[in-house]
Amino acid sequence: MTSSAVPYNLNEIGKFFLLSGVWLGIIFGAVWAACWAVGMLVPQLILNAYPNDPCALNVANAIRLLTPLVGVMVFIPINAMYMVLAERRGLALFTVRKGPNRVGPDGFLQTAADAVKLLFKENINPHGGDVLMFTLAPIIFFAPSVFGAIPLLAAVTSNHDLFKIVNLPTGIFYVLAMSSIPVVGIVMGGWASNNKYSLVGGLRSAAQAISYEIPLVLAIITTCFLVGSLDVVNIAQMQKGTDNLASFGFLNWNFFGAGAIPHYLDLLMQGKLEGAQVVTSAFWSLALAFCCILLCGIYLTGACAEINRIPFDLPEAESELVSGYNTEYSGIRFAIFFLAEFTNLFIVSTVAVVMWFGGGATPFPGFLDANTFASIATPFNQALAQAGLPPLMDGQTMSGAFWAIFKTYALVYFAILVRGTLPRFRIDQLLDFGWKKLIPLSLILLLAVTYIRELV
Amino acid sequence: MFALVGRSIESLYQVARGLKTVFKHTVRPPITKNFPDDMPDLPGHFRGRLALAVNPQTSEHLCISCLQCERVCPDKCIQITSHKSPETNKPELIEFKIDHGLCMFCGLCTEVCPTSCIINTNDFEMADYTRESLVYDLKRLTLSQDESAHYFAKKELPMPKPKPPKPAAKPAAPAAAAKPAEDKPEAKPEVKAEAKPQDLPAAPAPESPKKEEQ
């Protein structure tokens, strides 16, 4: 064995981290550069060229408003390429294999090569299929994930000026509404393929999405209820921990009862609780935290089903339905389905991060926070300022984006681990689990949280 | 109700156990071999591509045209052409063809071969573009002296004794006299008797003694 010199497979793990680091650097850099160019550089150049011209001001503002869209459009393809590679390498680690390691140095370019290959493949229309619907299906599947991601941008960049525009007062509702559209695309694709397996896959997807949408939305609503806001930026910022015990770092996340535990600890330390109150208050705080952890679990389960990830990938069960709704797809239309699948995984993870894991907040106060990033950013900004260019980054936004991406990928890796572990559900077990277990549980939690939050 | 709670806790525990088990596999070194770079270390009795060995010491061809392999082959993928040598009065190999597209690598031919001439090599990369190119002729089948030595050592086969020098066997009588004294593999005389219907006159045209249907 080649790696016998290095114990415990550090070789392969190291390669995996190196690969992740390089790819994430590429993603981060590309998106950052694109946003900076569109949001700051181009408007400034226009304003410099035509000072005091109201028309130029309008044009500059219009271009600035495009920043979120450009950011998302740059982000999605590169991110999907990385996620496919990370999934394959991660699964290889879990199954004691090596994964793709041929294309480019150590397989770094495997998915780039795959993407190029897919784009150049022939677009085949199935015989007897509905060509218009067949073509529209991947677009309808993909587009909502682009639009759905946009309000989250404001949440993960600490409401940066350039992304303020995409923040809605009811942001989370918008995201949820968008995330339920893709199922229409799947059913359309299944129907238009003129293939019974695809149709069964599409219909299964509809049944599954309807069943699992309810616990998912109930879990999010319960959390919104607890926090008292539907605004994703608000929700993310409320979870921002401080170094004071009443809202200490990660304990302030919604995952641990929306600040119930640090609040209790604070009261306990200050000696404001007396007698039986010490016990009852602790009990209710823990109960609320427990409810929130369950809610997060319900959300992750429902999200897994919503985006057809492995334990719930019945719409594309390879062994039963060949590949379900995308059996007949090839070329760029298949590529779009593929892209959307991974983008959806990223988006549901981002929603979970914003709702339960503190958005862009650092888990430990003072650890890689805004100040650290500001000190990194200062030399760059000074250099750019000397060249007469707008500042490249500010610490607040960078810290937010860094932690949001870090946490999101932690959840994505968890999804990969789940994929490597759990077998696929049977369709009756799936519906049984959704309707008889998750929905009652989420309703009970809604009721429980309503009362407990008054008692804490 | 309590049974349900208990069951869900139990199932959550089991799922967590599964996740833990899978996660622990992360630290195990991969069992993957980088195939074209690291060739697998195959055992000597691996049944790969068939080949004809030569004597590792003298580089004589070991085949004595006994046709045992051709007869035993269940797929009938071996085709031997031989004729009776005018000089030694023994069968002499002209052409040896194996259709590897038909072969099922059962290894029966290697078992019956009295001189350990036909052997299974460790080569398994035989993919080709046409069926015709899967039919290996004598030239492609015959191993070099070094390769033969390698496989004889790896398979722990007994080293074949060298054939008697040909000039000595030229006259008919000395050849007949030398025959019992020869240290040829024992199978050879009896095979000859069996395989050769004795009705073939010495030194005919090479085609005529073609024994295709035994």
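**View 1. Polar contacts between chain B and chain A.** Let's start where the two chains of this predicted model meet. Between chain B and chain A, four residue pairs are in polar contact, with both partners at pLDDT 80 or more. Sorted by class, the side of chain B that touches chain A has nine nonpolar, five polar and three charged residues.

**View 2. The salt bridge across the interface.** How many salt bridges does the rule find across the interface of chain B and chain A? There is one. Look for Asp37(B) and Arg102(A), whose side chains meet in a salt bridge at 3.2 Å, N to O. Side chains of opposite charge can pair when their charged atoms come close.

**View 3. The surface that the chains share.** Here we step back to the contact as a whole, to which chain B gives 17 residues and chain A gives 21 residues. The size of an interface is often given as the accessible area lost when the parts come together. Between chain B and chain A, the buried area is about 1800 Å², and carbon and sulfur atoms give 68% of that area. Which three residues supply more than any other three of the area that chain B buries against chain A? They are Leu19(B), Thr26(B) and Pro30(B), which supply 32% of it.

**View 4. A salt bridge within helix 1 of chain A.** A search of the whole structure finds twelve salt bridges over all chains. In this view, the side chains of Lys15(A) and Glu12(A) meet in a salt bridge at 3.5 Å, N to O. Lys15(A) and Glu12(A) are three residues apart in helix 1 (residues 10-49) of chain A, so about one helical turn separates them.

**View 5. Helix 14 crossing helix 15 in chain A.** The axes of helix 14 (residues 370-386) of chain A and helix 15 (residues 395-421) of chain A come within 7 Å and cross at roughly 115 degrees. The crossing is right-handed. On helix 14 of chain A, the contact is made by Ala370(A), Phe373(A) and Ala374(A). Helix 15 of chain A meets them with Gly395(A), Gln396(A), Met398(A), Ser399(A) and Phe402(A). By class, the residues of this contact are five nonpolar, three polar and no charged.

Terms used
Residues numbered from 1 in each chain as written. Chains lettered and ligands numbered in written order. Predicted model: local features only at pLDDT ≥ 70, side-chain atom pairs only at ≥ 80, totals over all residues. Heavy atoms only, no water. Axes fitted to C-alpha atoms, helices over the stretch in contact; angles between N-to-C directions. Helix = DSSP H or I, 4+ residues; strand = E, 2+ residues; numbered from the N terminus. Left-handed = near helix turned anticlockwise from the far one by under 90°. Contact = heavy atoms within 4.5 Å. Nonpolar A, V, L, I, M, F, W, Y, C, P; charged D, E, K, R; others polar. Buried area = accessible area lost by both parts, 1.4 Å probe. Salt bridge = Lys/Arg side-chain N within 4 Å of Asp/Glu carboxyl O. Polar contact = N/O pair within 3.5 Å; in protein donor to acceptor, adjacent residues only side chain to side chain.
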